Amino acid sequence: MPLTITDALFDGERVGLRCEDGAIAALGPGVAAEAGDEVIDAAGAHLVPPLVNGHTHAAMTLFRGSGGDLPLMPWLEKKIWPIEAKLEAEDVYWGARLACAEMIRSGTTRFWDMYWHPEATARAVTDAGIRAAIGAPLFDATSSFEELRDSALRSLEALAGCGPLVTPALAPHAIYTVSERSLRWIAELSAERELPVQIHLSETEKEVQDCLAEHGERPAHYLDRLGLLGERTVLAHGVWLDREELALIAERGATVVSNPAANMKLAVGAAFDYPAAKTAGVAVGLGTDGAGSNDSLDLLADLKLFALAQKHAAGDPTAIDAAEAWAVATGGRAPRLGATELRPGAPADFLLLRRGSPELGIGDLTSDLVYAAAGASVDTTVVAGRVLMQGGELPELEEIVAKAAERARRLDL
Ligand SMILES: [Zn+2]
């Protein structure tokens, strides 16, 4: 059924927005509902584009609160990897449903995911009604190239035909967990099938030092030599990229996703240098990383951290302004991540903010969104013309929380 939003505030004007077949059919002051439409009276609520979470591990909601305040490698090796070995598809499904619920509530309608049983995440995404690029994490540090290749091909087969909300992707974990041979093969497969590639890169200084010691070059140059630094590549973190690497990444058209909350929680010791990346012309998005290391999927909250980290690291409050930070969080500075523009013909993905919110409505809206708002400021979330949340109420939430908690108990975290 077509959906019409009436009396929304957009760019300082009262407008109507009509959705048909999953796309925005009309947007403007004169747009009204037609007979038979589902109608939401926004009653003056702000209409804004949704957020894009450029890097997460959705089902790690099951690990929330089990981070143990550990450094990255002991946390992965002692805590996470042994538990992940026990994961079943149903665990991932309910963990991902919980993640989707949290993202819908906090205004994210598209995310980039790397996790086990990717077909279970795809099912959760489809059932929840949001969008995601999904890849199975690929490792061969403790297995062979052949095993990695078979697992990659199997995951792509499982993700094929998952419907319009799911984009299959390749997700080699990192340069320190995937061999050179496998990374080259992933580059070839990505080119052949035009698949996006997500990889963690330059998260810690140690990773850079090890890469220099082992390969005689820094991580971005290493990936480039293997053919894996291109327009389809999404690099998570990039904290320790230097200016030459940023210039190379810009030249190749790859995207970097900054995850400030996870970086600060794991104390990686620096902030991704957004002003330098912008000067170099790098496409940049924002991510939460998994709930195991954040522990929230509220990208609006992390947006504030992102902006503050830039100002703090630069010792300059003008290092990034609110409009620029908002553009990063909504995918407007990284075309490959999938931003949604509010215009006729675009996918009908959008948010209505909560009316009468104390943190909104005085001063500049964008500034309020970056520095004062959080996920709870979102009232209504729509994806492909379908209302996923209205009035802050998400159907099925109770069941999802209960089922995810039950699966987490089974894992004995
Ligand atoms: Zn990650």
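This is a predicted model: local features need pLDDT of at least 70, side-chain atom pairs count only at pLDDT 80 or more; totals for chains, interfaces and linings use all residues.
**Exercise 1. Find which protein atoms hold the zinc ion, and work out which parts of the chain His200 and Asp289 tie together.**

Solution. Begin with the donors, which are NE2 of His55, NE2 of His57, NE2 of His200 and an OD atom of Asp289, at 2.1 to 2.3 Å from the zinc ion. Along the sequence, these donor residues follow the spacing H-x1-H-x142-H-x88-D. Histidine 200 belongs to strand β12 (residues 197–201), while aspartate 289 sits in the loop between β15 (283–286) and α11 (299–314), and therefore the pair ties together parts that lie 89 residues apart in sequence. Histidine 200 and aspartate 289 are both buried.

**Exercise 2. Classify the geometry of the zinc site from the angles among its donor atoms.**

Solution. The angles among the 4 donor atoms run from 84 to 171 degrees. A tetrahedral site would need all angles between 85 and 135 degrees, and the site of the zinc ion is classed as irregular.

**Exercise 3. Describe the sheet that contains β12, and follow its pairing from histidine 200 into β13 and β14.**

Solution. The sheet is open and has 4 strands in the order β12-β13-β14-β15, with parallel pairing. Its edge strands are β12 and β15, each of which pairs on one side only, and from one strand to the next the twist averages 30 degrees. Now follow the pairing across the strands: β12 and β13 are joined in the parallel sense over 5 bridges, and histidine 200 stands opposite alanine 236 in β13. Alanine 236 in turn has valine 257 of β14 as its bridge partner, and 3 bridges link β13 (residues 233–237) with β14 (residues 255–258). Because 5 of the 5 residues of β13 are buried, this strand is largely enclosed by the rest of the structure.

**Exercise 4. Explain why helix α12 is described as largely enclosed, and name the elements against which it packs.**

Solution. The buried residues are Ala322, Glu324, Ala325, Trp326, Ala327, Val328 and Ala329. They pack against β5 (47–48), β6 (51–56), α10 (274–280), β15, α11 and α13 (365–371). Just after the helix, glycine 331 adopts a positive phi of about 85 degrees.

**Exercise 5. Describe the largest nonpolar core, and list the contacts of isoleucine 186.**

Solution. As background, nonpolar side chains in soluble globular proteins tend to be buried together. In this model the largest nonpolar core has 105 residues, of which Leu170, Ile186, Leu235 and Ile249 touch the most other members. Helix α2 (residues 89–105) supplies the largest share of this core, with 10 residues. Leaving out residues up to four places away in sequence, isoleucine 186 touches Leu138, Leu148, Leu170, Pro172, Val178, Val197 and Leu228. There is also a second, separate core of 18 residues, including Leu17, Cys19, Ile40 and Ala42.

Notes
Residues are numbered from 1 along each chain as its sequence is written. Side-chain values use heavy atoms; hydrogens and water are left out. A nonpolar core is a set of buried Ala, Val, Leu, Ile, Met, Phe, Trp, Tyr and Cys residues joined through side-chain atoms within 4.5 Å. Buried means under 20% relative accessible area, exposed over 50%, partly exposed in between (1.4 Å probe, protein chains only). Helices (H or I, at least four residues) and strands (E, at least two) are DSSP runs, numbered from the N terminus. Contact means heavy atoms within 4.5 Å. Donors are N, O and S atoms within 2.8 Å of the metal (3.2 Å for Na, K and Ca); water is not among the atoms, so sites may look incomplete. Four donors count as tetrahedral if all angles lie between 85 and 135 degrees; four count as square planar and six as octahedral if opposite donors are over 155 degrees apart and all others between 65 and 115; anything else is irregular. Two strands pair if DSSP finds at least two bridges between them. Axes are lines fitted to C-alpha atoms, for helices over the stretch in contact, and angles run from 0 to 180 degrees between N-to-C directions.
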